[in-house]
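Biologist: I am new to this structure. Please show it, and I will ask about its parts one by one.

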Amino acid sequence: MRDPSSRDLGRLLARVAQGDHDAFAGLYDAVAGPVYGVVRAVLLDHAQSEEVAQDVLVEVWRTAPRYRADRGTPVNWILTLAHRRAIDRVRSAEACAARERRAALLDRTPAYDQVTEQVEAVLERERLRVALASLTDVQRQAVTLAYYRGLTCRQVAESLAIPLGTVKTRLRDALIRLRAHLTATL
């Protein structure tokens, strides 16, 4: 099919939406070049452009039932998918590069002062010990089981033989009290 009209592509796309492999072959032949051109204009890299163009055409196969003729021509819909996918690839590459830059900066960070770190840890443990002492016995018991022993709320309820809702309430109240105590001592 050479230079198919929008109506021809619309028919092909409707058949593709029904799972017609022959229709997809015709649609592929008609739009693969323009899809690659749009993607290549954004990405510039030949290998990535081929990969993204292929992804777009697979997406056309999967999402053909979502095409709505009242929102534009089949070619515009497909090329919009291609452009968006290419932009997504650029953003992904930029995010990856940013992560690599941050990781490289972490490698250059100075070694920490071990003595200062140990003193801060001791002070933090002491603040937490005092904050835990401000809890009621039942709150402290629930917090100890949940956060120090790693039990779930359901396991805490079973361990204490109390309703699950009671455990959740005790934990919520305990955390509110701990937060208030710890922020007050900063």
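Biologist: In which helix do Arg11 and Asp8 both lie?
Modeller: The two residues are three places apart, about one turn of the helix. Helices are DSSP runs of H or I with at least four residues, strands are runs of E with at least two, and both are numbered from the N terminus. Arg11 and Asp8 both lie in helix H1.

Biologist: What kind of model is this?
Modeller: Numbering starts from 1 along each chain as its sequence is written, and side-chain values use heavy atoms, without hydrogens or water. Local features need pLDDT of at least 70, side-chain atom pairs count only at pLDDT 80 or more, and totals for chains, interfaces and linings use all residues, since this is a predicted model.

Biologist: How far apart are N and O where the side chains of Arg11 and Asp8 meet?
Modeller: A salt bridge needs a side-chain nitrogen of Lys or Arg within 4 Å of a carboxyl oxygen of Asp or Glu. Arg11 is partly exposed at 49%, and Asp8 is partly exposed at 26%; that class lies between buried, under 20% relative accessible area, and exposed, over 50% (1.4 Å probe, protein chains only). Their salt bridge has an N to O distance of 3.0 Å.

Biologist: How many salt bridges are there by this rule?
Modeller: Another one joins Arg140 and Asp137, with the closest N and O atoms 2.9 Å apart. Arg140 and Asp137 are three residues apart in helix H6, so about one helical turn separates them. By this rule the count is 11 salt bridges.

Biologist: Which residues do salt bridges with shared partners join into one network?
Modeller: The side chains of Arg85 and Asp55 meet in a salt bridge at 4.0 Å, N to O. Arg85 lies in helix H4 and Asp55 in helix H3, so this pair ties together parts 30 residues apart in sequence. The network consists of Glu51, Asp55, Glu59, Arg85 and Arg89.

Biologist: Is Ser49 buried or exposed?
Modeller: Ser49 is in helix H3. Ser49 touches Tyr36, Val39, Arg40, Leu43 and Leu44, leaving out residues up to four places away in sequence. Its relative accessibility is 0%, so Ser49 is buried.

Biologist: What is the phi of Leu44?
Modeller: Most residues other than glycine have a negative phi. Leu44 is in the loop between H2 and H3 and counts as exposed at 63%. Leu44 is not a glycine, yet its phi is positive, about 70°.

Biologist: What is the phi of Ala161?
Modeller: Ala161 lies in the loop between H7 (153–160) and H8. Ala161 is exposed, with a relative accessible area of 70%. Its phi is also positive although it is not a glycine, at about 55°.

Biologist: How far apart are the end C-alpha atoms of residues 131–180?
Modeller: UniProt's unreviewed entry places "domain: RNA polymerase sigma-70 region" at residues 27–93 and 131–180; positions follow the numbering used here, feature names are shortened, and annotations may be inferred rather than shown by experiment. Residues 27–93 are 82% helix and 0% strand, with end C-alpha atoms 30 Å apart. Residues 131–180 are 80% helix and 0% strand, with end C-alpha atoms separated by 9 Å.

Note on methods
Contact means heavy atoms within 4.5 Å.
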